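Biologist: Could you take me through this structure? I would like to begin with how its charged side chains pair.

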Amino acid sequence: MFNSPDAFTRSLCVLFVTAALTACGEGRDENAEAATITPPVASPWQSNYLEIGRTASPAELAAWDIDVRPDFTGLPPGSGNAEQGEEIWLARCAACHGDFGDSNQFFSPLVLGNVTPQDIESGHVAALKDPTRVRTTLMKVATVSTLWDYINRAMPWNDPKSLSTDEVYSLVAYLLSLGYIVDSDFELSNENIANVQARMPNRNGMTQEHGLWKVDDVSDVHNTACMTNCEASVEVASSIPQFARNAHGNLRDQMRIFGPFPGEDTGAERGAETAIASVAKEPPAPEAGLASSAPMELLTGNSCLGCHQIDSKLVGPAFTAVAEKYAGQDDAVVYLSRKIRQGGSGVWGGFMPPMAQLSEANAEEIARWLAQ
């Protein structure tokens with residue numbers, strides 16, 4: 001039929017091109033149909049997981065977006081003066097940081113002098129290069145937004161994000177007044193905070209070339225990103241012992257179904273040793289003594305267990321030790337209730353921060369538990 005190879009080749013090309021054009025045309029129709037029924041993808045990261053998650057609402061984003069940047073982006077409007085800040089400081093902060101931010105018992109001092117008028121003028125704190133001086137937060141911090149942001153998101157440590165916007169302004173104003181950066185009756189606000197930034201003592205002294213613990217300007221960390229002869233693969237140097245691989249069930253069932261670590265299937269590894277290990281596991285014994293009646297909701301909800309444990313000393317004394325000390329004391333409930341809410345020092349060799357967020361009724365409930 002085809003007497004020459006060229007004619008045969010040309011005919012095949014015509015057939016292939018015709019088939020390809022037909023296929024492309026069908027593909028366009030299918031894609032167009034799919035586009036009408038596939039919901040829009042909000043993020044490229046969701047492209048392979050269309051059934052997972054949803055786009056966060058503006059209100060949800062706003063709740064998380066609380067950072068305040070050095071150029072004050074994100075700073076909410078508000079104001080507070082240093083005198084108001086002192087009252088808040090004494091109630092919420094002084095137990096750990098001292099009345100004047102100078103305590104060095106739990107944390108490094110926030111304010112302890114060592115900042116001069118010359119430092120405020122130049123923006124470099126000269127005492128940072130003197131190894132005999134105590135280095136305080138106010139000596140090191142370069143931006144006032146750092147103080148605002150940290151207090152707003154993390155303080156007080158036992159009740160973070162409980163301060164109102166105006167209370168944060170007041171506390172920052174009080175700290176700045178302790179360092180003689182502003183006057184003792186200064187009112188800090190979102191409108192004048194940039195002027196305060198221009199007086200921060202170490203605003204021009206921020207550096208990453210100093211040591212973490214030393215002050216001789218020699219960095220003690222020299223890590224750099226690996227750019228040559230990097231490890232091409234990771235060698236697994238250890239693994240779960242065979243007898244324990246299925247001690248808590250199939251590992252694959254406990255991993256996400258997507259992601260880089262799918263997990264190993266250990267469902268078929270229920271051996272005699274594993275069965276023995278499961279049988280040998282006994283249920284925990286019921287709590288006894290003081291622990292059996294502990295008001296756990298109050299203790300955990302108010303971070304009491306961050307410093308105290310039931311039977312052993314942590315940062316503060318064990319609850320059993322407190323109970324033994326005041327056993328039989330007639331006014332134990334009243335005394336302990338007051339001590340819990342007001343805090344104090346001297347009894348156990350350290351500070352007890354005030355738990356002012358506790359109501360009198362809740363403090364009394366804890367005190368009655370200790371005095372039983």
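Modeller: One term first: a residue counts as buried when its relative accessible area is under 20%, as exposed when it is over 50%, and as partly exposed in between. Please also keep in mind that this is a predicted model.

Biologist: Understood. How many salt bridges are there?

Modeller: The count comes to six salt bridges. One of them joins Asp149 and Arg153, whose closest N and O atoms are 2.7 Å apart.

Biologist: Is Asp149 buried or exposed?

Modeller: Asp149 is buried, because its relative accessibility of 13% falls under the 20% limit.

Biologist: Which residue forms a salt bridge with Glu60?

Modeller: That residue is Arg54, and the closest N and O atoms of the pair are 2.7 Å apart. Arg54 is exposed, with a relative accessible area of 59%, whereas Glu60 is partly exposed at 32%.

Biologist: And what is the distance between Arg133 and Asp130?

Modeller: Their closest N and O atoms lie 3.4 Å apart, and the two form a salt bridge. Arg133 is partly exposed at 36%, and Asp130 is partly exposed at 24%.

Biologist: Let us change topic. Which residues form a nonpolar patch on the surface?

Modeller: The patch consists of Phe106, Phe107, Leu314 and Val315, which together have about 350 Å² of accessible area. Phe107 lies in the loop between helix H4 (94–97) and helix H5 (117–122). With a relative accessibility of 40%, Phe107 is partly exposed.

Biologist: Now to helix H8. How many of its residues are buried?

Modeller: Eleven of the 14 residues of H8 are buried, so the rest of the structure largely encloses this helix. Among them are Val168, Tyr169 and Leu178. H8 covers residues 165–178 and reaches 20 Å from its first C-alpha to its last, close to the expected 20 Å.

Biologist: What covers the buried residues of H8?

Modeller: The cover includes strands S1 (79–81) and S2 (187–189), together with helices H3 (82–92), H6 (137–140), H7 and H9 (193–197).

Biologist: What comes just after H8?

Modeller: Tyr180 is found there, with a positive phi of about 60°.

Note on methods. Residues are numbered from 1 along each chain as its sequence is written. This is a predicted model: local features need pLDDT of at least 70, side-chain atom pairs count only at pLDDT 80 or more; totals for chains, interfaces and linings use all residues. Side-chain values use heavy atoms; hydrogens and water are left out. A salt bridge is a side-chain nitrogen of Lys or Arg within 4 Å of a carboxyl oxygen of Asp or Glu. Buried means under 20% relative accessible area, exposed over 50%, partly exposed in between (1.4 Å probe, protein chains only). Patches are made of residues with over 30% relative accessible area and no salt bridge: like charges are joined within 9 Å, nonpolar side chains (Val, Leu, Ile, Met, Phe, Trp, Tyr) within 5 Å. Accessible areas come from the Shrake-Rupley method with a 1.4 Å probe; for residues, only the protein chains shown count as cover. Helices (H or I, at least four residues) and strands (E, at least two) are DSSP runs, numbered from the N terminus. The expected span of a helix is 1.5 Å times one less than its number of residues. Contact means heavy atoms within 4.5 Å.
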